[in-house]
Amino acid sequence: MLPQGTDGSTEPASQYVFVVYDRGSGTIHHVHRVVNLPGAEAPSREQMEQAALSYVSPRMREQGAADLAVLNVPDHQLERGKSYRVDHERQVLSAVE
């Protein structure tokens, strides 16, 4: 059975994707997806970014805390099975071959 919103709908009211990456290399350390069903209280952008950062391993946070950044990207930009980096200057994803 699929999760349902308070109105019985299974279609998301909103979806967000945040990637946590290293500013210098563009390496992505975590992809965080937020799906809100109808009737759910959506967290703020800041709350979603903080949640994304919280899923990065403690070791990585200690080593690169100053170099980690979060980028909000449209869900349709990420294709399963593909690898990406973030171009920090342009604030966009780039596919890695």
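**Exercise 1.** Which residues does Val 70 touch, not counting residues up to four places away in sequence?

*Solution.* Start with the source. This is a predicted model, where local features need pLDDT of at least 70, side-chain atom pairs count only at pLDDT 80 or more, and totals for chains, interfaces and linings use all residues. Residues are numbered from 1 along each chain as its sequence is written, and side-chain values use heavy atoms, with hydrogens and water left out.

Val 70 lies in strand S3; strands (E, at least two residues) and helices (H or I, at least four) are DSSP runs, numbered from the N terminus. Now list its contacts (heavy atoms within 4.5 Å). Val 70 touches Phe 18, Val 19, Val 20, Tyr 21, Glu 49 and Leu 53.

**Exercise 2.** Find the largest nonpolar core and the elements that give two or more residues to it.

*Solution.* Apply the rule. A nonpolar core is a set of buried Ala, Val, Leu, Ile, Met, Phe, Trp, Tyr and Cys residues joined through side-chain atoms within 4.5 Å. Buried means under 20% relative accessible area (1.4 Å probe, protein chains only). The largest core has 10 residues, including Val 17, Tyr 21, Val 73 and Leu 93. Strands S1 (14-22), S3 (68-73) and S4 (83-87) each give two or more. Within the core, Val 73 touches Val 17, Leu 78 and Leu 93. A second, separate core of 8 residues includes Val 20 and Val 70.

**Exercise 3.** State the order of helices and strands along the sequence.

*Solution.* Count: 2 helices and 5 strands. Then read along the sequence: β-β-α-α-β-β-β.

Note on methods:
Buried < 20%, exposed > 50% of the residue type's maximum accessible area, 1.4 Å probe, protein only.
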